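Subject: Two-chain model, handover

Hello,

The structure you asked for is below. My notes on it follow, with the cut-offs given where each term comes up.

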Amino acid sequence: MTEHPLGWAPKGRYVRPQGDESVEELKARVREAYAKQSGEMRARLMAVKDRPEGMRYFDDVARYDGPRVKELQDAKGRGRKVVGTLCVFAPAEVVRACGAEVVRLCSGMHYGVHPANELLGDAGLCPCVKSTLGGRLSDADAFMTLADIVVAPASCDGKVKLGEMLEDWLPVIMMNLPRVKTGDTTAQLWVEEVMWMGQQLGRLTGTEMTVKGLREAIGVYNRAHLALSRLTQLRWGDRSPIWGRDALLAAQMALVDDVERWTKRMDGLCDELGRRAAAGQWVGTGEEARILLAGSPVIWPNWKVPNLVEESGGLIVVDELCTGARVLGDPVVADEGTLRDLVRAVAERYFFPCTCPCFSPNDERESRMLRLVKEHRVEGVVYHALRGCHLGMLEATRLELALRRADVPMLKVESEYDEGDVEQIRTRVEAFVEMIQARREFARG
Amino acid sequence: MARVGIDVGSLYTKGVLIAEDRRLLASAVEPTTTDVPGLTERMLARLLAEAGLTMADIEGIGATGTGRRRVKVADVARTEISAFAWGAKLLHPPVRLVIDAGGQGVRAIEMDQWGMMTNFRTNDKCSSGTGCFLDTMSFALGVDMPEFGTIGRGSACPSSIMQTCTVFAESEVVSAVARGGSKADIVAGLNAMVAKRMASLAKTLAVRGDVVFAGGMARNRQVVELLRSQLAHRVVVPDDPHLVGALGAAVLAPKRRRAGGAAPEAREAAPASPPGEARA
């Protein structure tokens, strides 16, 4: 057996014995459940009337057994490598510059939680980590199965250990993400980590990162960023031409799709929405409560909370999720320079603007939230907290207090991936909307 | 013109009929069954008969509670959170905080000086400290519900109930009985736990004035006393605390009945008529 270019060998700690019949059974069961959940969620979105035509493309990407999987299989057949990432901090520009495909592996599949629970018991872990691990354990997650390597930024505890466990199946580049943002050395450490990650990937793909390659990649992602900011601007007005849950889906697909094609399609969607806006074709009645969706990652197809908000008289006008507006947070500012200069520019774009609750100090999150509230005339914040996401839960209190001072109500929704609590949450979301509308009426006199 | 409010709770369905000046003309309480449409239709007929009115005298019917969407006779369905806020405001206008403890839910609702709801908290995924919790314990102890608020009042040494899970707390109660603990002490301990849970839920909100304690739990006198001792503000318990939600639903009912109006579900999807309308 030839040695892996990165010296990796399977660790064999968690892998189930090959040929075990139950593995095949489990895989079939989980795959079926995956298809069912994402199918149901897509059907629910597609049933909304007057949906923009441009959403169809993103619906297709969201079929995790669809054309994108086939495309990646073909690319692998041609010798391309597929890099899976576990967090918003993994710089996609660097992966692209190393000539590899990049897909986000974080899973929103409810059924993936079960195999992880069987292995770990109730470890108090968040469903995002459990479901992603479950996708690997059951061999059922299409992207996970295609990945040649995982890039795992050490953001929260769950993600750190998830990255570690995945080493049983495939090589993992663990990135030492500094969690204290202040100090002279932190940014420097992160630049080194990104540099090192690029070198490791270069060894795997045989394509070394160059100034030209990285600058091109930065250009590609900056264009994607521009397309996403167009979408955000289209939702700025008193009325919106698109539902927030559709906008979130379209934005999130940038995580798994070919980014150049995604940009083209996003531009197409924005053109269509621009025409709709010009023709006065809006979604909803105009009486909806204007909601900012914040908190733990909302990952397709776990569209539980976005659906509940918009089915209960709310309109998500903006979000601050690492799986939404923050996917393409800010463009990289890089002019001429050495490879190191460019890597620094990329690394800083992923580090400083990010307001993940794993950071301290994280004052920027509070000020950004208040700015979004003001700019988008938000009437209430729905804070989605995945059970087991301790960092997200801890910051919820701080944000609620800050929002209260600004006279903006916040509803914290603590939930998991299963549908068992849907009706309880619906009651709370409805009450939240009723409260906002009563306040609005009262203010009107 | 009179109005009707129906609160379909997890255990009991409550109905009220109020006059134009918001006086209570009739009320009814029945255990909630699976046939909510039938149950509420019969309840409406009973309320009308008791008040000596006909449907022509009714200008609006509001529904609330977990089963609110299944009340076919209602013109509008609102969440129990809004309903309790409006009901408490009707009974005690200076209210600044409402605590509602029902069969399966505990809610705390914060209100501003104009009586507008500003924030709320609910229990989620756990029925500890609710009516069902005490129901289970009353069965385990063989103490009837009406006695539950009185038997423990003289206890000098309430048992300390550590577990908050209903099932685990029950086994704790069973072992306390086995150790020879007195029923009064155990009941006092359970009531203390329930009151403490409600107080801590309330304290996550800003309590700035009078507290209205509503829902079936407010009929437990010891819980009321214990809650009073834990909150710094005046705790007001209405005469019929379990009817507050239904009263709120009646207040929230639209002013004029629409002839052959659509089912409440249809209107709820697009809440065009804001709750504020009821103030006008």
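**Chain B**

Chain B contains 9 helices and 10 strands; helices (H or I, at least four residues) and strands (E, at least two) are DSSP runs, numbered from the N terminus. This is a predicted model, in which local features need pLDDT of at least 70 and side-chain atom pairs count only at pLDDT 80 or more, while totals for chains, interfaces and linings use all residues. Residues are numbered from 1 along each chain as its sequence is written, and chains are lettered from A and ligands numbered from 1 in the order in which they are written.

The radius of gyration of chain B is 19 Å, in agreement with the value near 19 Å for a compact globule of 280 residues. That radius is taken over C-alpha atoms, and the globule rule is 2.2 Å times the number of residues to the power 0.38. Along the principal axes, the C-alpha atoms of chain B fill a box of roughly 65 × 40 × 35 Å. Buried residues are 47% of the 280 in chain B. A residue is buried if 20 or more other C-beta atoms lie within 10 Å of its own, exposed if 12 or fewer, and partly exposed in between, with C-beta atoms placed from the backbone. Of the contacts in chain B between residues at least 6 apart in sequence, 70% join residues at least 24 apart; two residues are in contact if their C-beta atoms, placed from the backbone, lie within 7 Å.

Helix H3 (residues 131-141) of chain B has B:Gly131, B:Phe133, B:Leu134, B:Met137 and B:Leu141 buried. Seen down the axis of H3(B), these buried residues fall within an arc of 155°, so they line one face of the helix; the arc is that of the directions from the helix axis to the C-beta atoms. They pack against strand E6 (97-101), helix H4 (145-148), helix H5 (166-178) and H6 of chain B. After H3(B) comes B:Gly142, with a positive phi near 70°.

**Chain A**

Chain A has 17 helices and 8 strands. Its radius of gyration is 21 Å, close to the 22 Å that the globule rule gives for 445 residues, so chain A is as compact as a globular protein of that length. Its C-alpha atoms fill a box of roughly 75 × 55 × 40 Å along the principal axes, and 52% of its 445 residues are buried.

Chain A is divided into domain 1 (21-205) and domain 2 (217-331 + 354-444); the bounds come from an automatic or database domain assignment. The C-alpha centres of the two domains of chain A lie 22 Å apart. Across the boundary, 44 residues of domain 1 of chain A are in contact with 46 residues of domain 2 of chain A. On the domain 1 side, H1(A) gives the largest share, 5 residues. That side divides into 24 nonpolar, 10 polar and 10 charged residues, where Ala, Val, Leu, Ile, Met, Phe, Trp, Tyr, Cys and Pro count as nonpolar, Asp, Glu, Lys and Arg as charged, and the others, Gly among them, as polar.

Some backbone points in chain A:

- A cis peptide bond with omega about 0° joins A:Trp300 and A:Pro301; A:Pro301 lies in the loop between strand E5 (289-295) and helix H13 (304-311) of chain A.
- The peptide bond from A:Ser360 to A:Pro361 is also cis, with omega near -10°, and A:Pro361 lies in the loop between helix H14 (339-351) and helix H15 (363-375) of chain A.
- A:Asp139, not a glycine, has a positive phi of about 65°; A:Asp139 is partly exposed, with 18 other C-beta atoms within 10 Å.
- A:Arg377, not a glycine, has a positive phi of about 50°; A:Arg377 counts as exposed, with 12 C-beta neighbours inside 10 Å.

**Between the chains**

The contact takes 18 residues from chain A and 19 residues from chain B. Helix H17 (residues 422-444) of chain A supplies 12 residues, the largest share of the chain A side. The residues on that side divide into 5 nonpolar, 5 polar and 8 charged.

The largest nonpolar core has 220 residues, and those with the most contacts inside it are A:Met253, A:Ile291, A:Tyr383, B:Val98 and B:Ile109. Such a core is a set of buried Ala, Val, Leu, Ile, Met, Phe, Trp, Tyr and Cys residues joined through C-beta atoms within 7 Å.

Regards
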